[in-house]
6 protein chains.
Amino acid sequence: MTNAQASHNGNDNLRYERGLAKLQQIDGEGGVKVVESLAGIAPDFARLLIEFPFGDIYSRPGLDVRSREIAVVAALTAMGNAAPQLKVHIQGALNVGVTRAEVVEVIMQMAVYAGFPAALNGLAAAREVFAAEALVGEPA
Amino acid sequence: MTNAQASHNGNDNLRYERGLAKLQQIDGEGGVKVVESLAGIAPDFARLLIEFPFGDIYSRPGLDVRSREIAVVAALTAMGNAAPQLKVHIQGALNVGVTRAEVVEVIMQMAVYAGFPAALNGLAAAREVFAAEALVGEPA
Amino acid sequence: MTNAQASHNGNDNLRYERGLAKLQQIDGEGGVKVVESLAGIAPDFARLLIEFPFGDIYSRPGLDVRSREIAVVAALTAMGNAAPQLKVHIQGALNVGVTRAEVVEVIMQMAVYAGFPAALNGLAAAREVFAAEALVGEPA
Amino acid sequence: MTNAQASHNGNDNLRYERGLAKLQQIDGEGGVKVVESLAGIAPDFARLLIEFPFGDIYSRPGLDVRSREIAVVAALTAMGNAAPQLKVHIQGALNVGVTRAEVVEVIMQMAVYAGFPAALNGLAAAREVFAAEALVGEPA
Amino acid sequence: MTNAQASHNGNDNLRYERGLAKLQQIDGEGGVKVVESLAGIAPDFARLLIEFPFGDIYSRPGLDVRSREIAVVAALTAMGNAAPQLKVHIQGALNVGVTRAEVVEVIMQMAVYAGFPAALNGLAAAREVFAAEALVGEPA
Amino acid sequence: MTNAQASHNGNDNLRYERGLAKLQQIDGEGGVKVVESLAGIAPDFARLLIEFPFGDIYSRPGLDVRSREIAVVAALTAMGNAAPQLKVHIQGALNVGVTRAEVVEVIMQMAVYAGFPAALNGLAAAREVFAAEALVGEPA
């Protein structure tokens, strides 16, 4: 029994289930892929990823999930060193009702706070996500 | 006539006036202080600050100003190297209707994306802004 | 009952108690102060800080706590934007048996990976921590 | 008529024309490609990119363009999270008379301020730019 | 005679030889490849890379090389903008006796200090390094 | 005899002497203070600081020292997490003939590449340096 499994009893199940549902609501297929990619190297980290960010933080009632995703797209664009996660959350923002035009506005605004290169690379990530969506027939 | 003054004719006046109004709406006294602090060292930069971030970006209709301020508080918390500007924009978020509790949620969420130190320092900035507001009798 | 309190039942108590003990072992007084500073603004975040970093991560058996603190001092020195947390963890490293000379070596090495300014600012943080220790009569 | 087009009247034409000329002088083909890449996703951002960085900042008379490009190559190497833009500006530096040897010196110096990995990745970017130049028969 | 060659006399030979031995001990084939990649563009930088990081810093007796590599893996994971160097040092950590499980623990811990995206990208780098090792028949 | 002293024989003296002269030329009193501040905590690092950045890098003939200081002011402004070193190098830039107006231009340009907060904080650093110079009667 691994360390994370050891702590996975009683009410921790609640956090895990709540987190998994939230992950699927927001990140959809992209989130599932991230979790699967961890299976071979750090399965405990997959559990922690579901429990803390999604079970503890995203599940808090004090801020709507639309605002949360706008915050994440802004932060990851500004940091500029996490392209795979930025793409997952651009899709996540679309999944919870942020429009493509709004995603583009959030990223453009980062030119002011983190510079034009950060915004340009954020727009490149958005272009990839929008194009992938088009291929699978989802609406713009 | 400085370089920036030279370009300050015709329709550029529109951008400047529009930007100044936006700066005052969002950042209030904090924004005015930033502009004043530039007078002695880089007056042209004060003009550019009003024209581009506020006249060009914040004035765009595609995203509500509440979402814009949530994005900025998130980004500056995550970057972690711009405490003065973070404080101005925490106040800016409050000015446009984001509640204190929502500001705290946005900052807490950055623990997931930029680490706990970034979130802790963001919360310390929020505590200062909230305390300063209390002193001048503004509502919570 | 706050959101964090709501989730604080059953086996979550275990994570919290385990995390609190770990926080006290590693960060000592510095950690307690961080938790107390959150009481007025984000009490739920204090609980999450104890549960996830200390209850979930630091409590894992796969890496000795001495190596964990070396890793944290290195990372915070390299990031260069979290001086308060760096000081807490320099003290934390000393608390778990890393010597002052070793702390200095870790920080010096960051000159190679994050530049000389990061290392110089890390050494300034260490100087403050060492001086504060001397005042309260702790051994070098 | 988009928002950016709406503001594109009177003397704003001057900023745009001045910026476009500057972009072509410095970044050449690389700059044109960046602008074109924005056409499908954020055409307004293409205009803002020409107007503010190039029309407002690069066109200022207070600093020669050679020094400006040295500053940009240094900053993007040190930040380490904007490889595409670093490549455009390494070419830009060459375009305005900085020699290859000088570009290499600027990047090497960043080992001191941002660490050896930043400098190594900057040199890798320079190697790509120099190699691409060789293919199209431009002088060293 | 280049500038670096000019300084390469007398006791500087000692630093160079000491550094080269250290580079080979820690980074192995990965380190040699980095040095070779510099031959065409910045040969002096190859010498400086051997002399300062390896001849001056890694050769210092005050901290064991295992702890040094843990520090470097932590820092590069947290910075998140130097994937090639992170991979070289994950292999370097394995070369000096850090286990795969310990490397994974160090990277997971960075989720606390630099955010989950930094840790996820660090784990992706580790997965690549571990997989490459498996191909050439090295033990786990 | 410390480790650094042990390596301080023969031609290493040359690097040290050359570096010390360069440090004094560029950073003047500010550089001397940095070295002195290290005496109590990491005297070896003071020697390495003189030998590598100043003895090895700044002393290279391939780039004029004026361009080197412009590069450093740009990089430290963009990184935004090393205010003490930025101030030393703003003074350093002035010491080697960069004018105050040019320093301001370099910092303003960083608004494009690292965002307005980075530029605003860089200008605040410049204002402090210029004010301190005025107090001791140095020319603008």
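## Symmetry of the chains

Among the residues of chain A, A:Ala75 comes closest to the rotation axis, its C-alpha lying at 2.1 Å. The axis in question is that of a 180° rotation which, with 0.0 Å of shift along it, superposes chain A on chain B at an RMSD of 0.0 Å, the copies being fitted by least squares on the C-alpha atoms of residues with pLDDT of at least 70 in both. That is the relation of a two-fold axis. The same surface serves both copies, since 100% of the contact residues of chain A recur in chain B, where contact means heavy atoms within 4.5 Å.

Chain A can also be laid on chain D, by a turn of 120° and a shift of 0.0 Å along the axis, with an RMSD of 0.0 Å. That is the relation of a three-fold axis.

## Basis of the values

This is a predicted model, in which local features need pLDDT of at least 70 and side-chain atom pairs count only at pLDDT 80 or more, while totals for chains, interfaces and linings use all residues. Residues are numbered from 1 along each chain as its sequence is written, chains are lettered from A and ligands numbered from 1 in the order in which they are written, and side-chain values use heavy atoms, with hydrogens and water left out.

## The contact of chains A and B

The contact takes 29 residues from chain A and 29 residues from chain B. The area buried between the two chains is about 2700 Å², of which carbon and sulfur atoms give 70%; buried area is the accessible area (1.4 Å probe) that two parts lose on being put together, summed over both. A:Glu105, A:Gln109 and A:Tyr113 supply 24% of the area that chain A buries against chain B, more than any other three residues.

Across this interface there are 4 salt bridges, a salt bridge being a side-chain nitrogen of Lys or Arg within 4 Å of a carboxyl oxygen of Asp or Glu. B:Arg68 forms a salt bridge with A:Glu105, and the closest N and O atoms are 2.8 Å apart. The elements that give two or more residues to the side of chain A that touches chain B are helices H4 (43–58), H5 (65–79) and H7 (100–114) of chain A, and H5(A) gives the most, with 11 residues. Helices here are DSSP runs (H or I, at least four residues), numbered from the N terminus.

## Salt bridges within chains

The whole structure holds 66 salt bridges over all chains. A:Arg15, A:Arg18, A:Arg47, A:Glu51 and A:Asp56 are linked in a network of them.

In chain E, the side chains of E:Arg66 and E:Glu102 meet in a salt bridge (2.6 Å, N to O). E:Arg66 lies in helix H5 (residues 65–79) of chain E and E:Glu102 in helix H7 of chain E, so the pair ties together parts that are 36 residues apart in sequence. E:Glu102 counts as buried at 12% relative accessibility, whereas E:Arg66 is partly exposed, with a relative accessible area of 23%; buried means under 20% relative accessible area, exposed over 50% and partly exposed in between (1.4 Å probe, protein chains only).

## Helix H7 of chain E

H7(E) (residues 100–114) has 15 residues and reaches 21 Å from its first C-alpha to its last, close to the 21 Å expected at 1.5 Å a residue, the expected span being 1.5 Å times one less than the number of residues. H7(E) is mostly covered, with 14 of its 15 residues buried, and is followed by E:Gly115, whose phi is positive, near 100°.
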